[in-house]
Amino acid sequence: MKPLISVRELRKGWPGLLLLDRVAFDIHPGDKIGLVGQNGAGKTTLLKILTGLERIDYGDIASRPGLKVGWLEQYQTADSDETVEDSLSESDYSGSLKKECRAIEERMADPGFYESADYVATMERYNSLQSEAAKFSGAGILDRARILLEKLGARSIGMGSRICDLSGGERRKVALAKVLVAAGSMDLLLLDEPMNHLDIDAIEWLEEFICDYQGTAIVVSHDRYMLDDTVFRIFEIEATRLRVYEGDYTDYAEQKELRLAIMKRARDRFDKEEARQKAIILKLRGRNRFDAQIRNKLFRMAKMERPEDPELKKRLLKVRFAHAREGGRWAVTASGLSKSFGDRTLFDDVGFEIEHGWRVGLIGPNGCGKTTLLRMIVGEEPVSGGTLELSKVASVGYFDQGHLSLEPGNNLLDELHRVDETMAEEDQKGLLGRYGFKGDAVYSKVGKLSGGERARLAILKLVLSPCSILVLDEPTNHLDLFSRDAVEKAVNTYQGTVIAASHDRYFLDRTCDHMMAMYGGHVRSFPGNYTQYRSIVAREDEEDSKKAEGGPAYYVVRKGYTDWETRTRYVQGQRLRLEPDELRRHRWALETRHLVREGE
């Protein structure tokens, strides 16, 4: 099968920085590709090259003629006065269709056009453009966009709202809906961090959308479960090169570990042989420093190709949270807790107990009050009603997702000085270097840092502050896969209490032993990690179904979907006979009307 895109010997860089070198790959129809790499490796640049927005320095890119590409940028910074309705009804693709139509209509105004050699072909193209443009006109496109916004957790965004009045997260969801509403007409979707600002329910819905999408997709993401569930090829950018791995994220991680082990053996053999040759040369020099054998051996050593150092490939963020002593059984207790803002009540009559040493994951949809509850725990937000108490000897460390603890006008050294005034500048520079801030970067202003850089700096400040309770609000946001792994290991080795709000299911599974779920203004506590919490909820749903259903029933698949528990694919029109206890596995499909009871 001919590739959609073929790339050979691609090189891209800027003065003093080579980003991509000798990059080669093929993208085939139907591919689902995960693009991974450390922050700053060149992932976004590569997507811009594929869209034609960025020129290459050297190499060849061959694309299938007429290739239609939908692209979601990583950041939505446009401060437009247009309304959400105008933005959604005028996608980049529909805009290009109308522009081409207008160009043909201008030619149609010239009487000579009807006698031209390309008249028939041009009119056929015009009719095709009109037919395609009709799909993006009228109320139908807006209805589909509204449904998409609802699925993405943005049902509160009004169609008449101006883009410039929306928050960054809301703009992001509008931009994603704008791409997805036109996805059916695209050959290739390029999605740069599509999970940003989405809660867990929206993330899982988007996973299903990508799986069901019939075209080709390249997804830049640090969500490891999403990469496991949606892609079957991984492109990794590392040290200017791109390597292709077949399989999902788990397959990629295993293959990479094997490759690094092979590299280490090759490096060990090289070091051993190099040491042997040097010993021989020293022995020969003791006899005759001008011996021709010495020159030959030195020449051969210079020709030996030094293998890559696998330890350089595995350098991670070095994180270790300092633990302060604590006493008593309970770290945090709440009874009859409520929080209101004016007439709006976020939650009411909430009660929970967190023992010292527990690692608690706090989950719930965006806007339910997770960040507010964390701010109440650390004392930055007052309690509206009830009681919230911390251990009398507790010392709290707080990582806020907005990094508001950082002063934008300070440089990095100033920020560390705020934590420890006695630390010498050389020690500060050494610590910052371990967190990826090298050379003159330590004098950079905080306000100029990227989201990932601010996250690393905030984590470093937290590391320098011993505490008995760690309160983390989206600690893996903006971090690449390798830094997320380091944070997870640090949380797992920390001896104190952890309370972490997160939409990163992989993080919640690897670090948490208790879950607190916030839904509908209430909080429920569960033992175990995120997957165990989902199992408990599924069993409860199953019991509810058994009470409601007396026996088996027939269901019809309205839209194809995948049961990820059994890896079974269900196609449109398929008829299923399901027992009440089987409905648990189809809960998502039933809720989204992918699966309906026969006769409904």
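**Close-up 1. Helix α13 against helix α15.** The axes of α13 (residues 412-419) and α15 (residues 451-463) approach within 9 Å and cross at roughly 25 degrees. Axes are lines fitted to C-alpha atoms, for helices over the stretch in contact, with angles from 0 to 180 degrees between N-to-C directions. The two helices are therefore roughly parallel to each other (angles under 35 degrees; over 145 is roughly antiparallel, 65 to 115 roughly perpendicular, the rest oblique). The crossing is right-handed (the near helix is turned clockwise from the far one by less than a right angle). From α13, Leu 412, Glu 415, Leu 416, Arg 418 and Val 419 make the contact; from α15, Leu 457, Leu 460 and Lys 461 do. Contact means heavy atoms within 4.5 Å. These residues divide into 5 nonpolar, no polar and 3 charged.

The model is predicted: local features need pLDDT of at least 70, side-chain atom pairs count only at pLDDT 80 or more, and totals for chains, interfaces and linings use all residues. Residues are numbered from 1 along each chain as its sequence is written, and side-chain values use heavy atoms, leaving out hydrogens and water.

**Close-up 2. The Phe 25 and Phe 235 ring pair.** These two rings form a tilted aromatic pair, 5.2 Å centre to centre with 55 degrees between the planes. Rings of Phe, Tyr and Trp (its six-membered ring) pair if their centres lie within 6.5 Å; planes under 30 degrees apart are stacked, over 60 edge-to-face, the rest tilted. Phe 25 sits in strand β2 (residues 17-27) and Phe 235 in strand β8 (residues 233-238), so the pair ties together parts 210 residues apart in sequence. Phe 25 counts as buried at 4% relative accessibility. Phe 235 is buried too, at 2%. Buried means under 20% relative accessible area, exposed over 50%, partly exposed in between (1.4 Å probe, protein chains only).

**Close-up 3. Tyr 530 and Tyr 533 in helix α18.** The ring centres of Tyr 530 and Tyr 533 are 5.8 Å apart and the planes stand at 45 degrees, so this pair is tilted. Both tyrosines belong to α18 (residues 530-548), 3 residues apart, or about one helical turn. Tyr 530 and Tyr 533 are buried.

**Close-up 4. A tyrosine cluster.** Ring pairs link Tyr 225, Tyr 245, Tyr 249, Tyr 252 and Tyr 506. The count of aromatic pairs comes to 12.

Notes. Helix = DSSP H or I, 4+ residues; strand = E, 2+ residues; numbered from the N terminus. Nonpolar A, V, L, I, M, F, W, Y, C, P; charged D, E, K, R; others polar.
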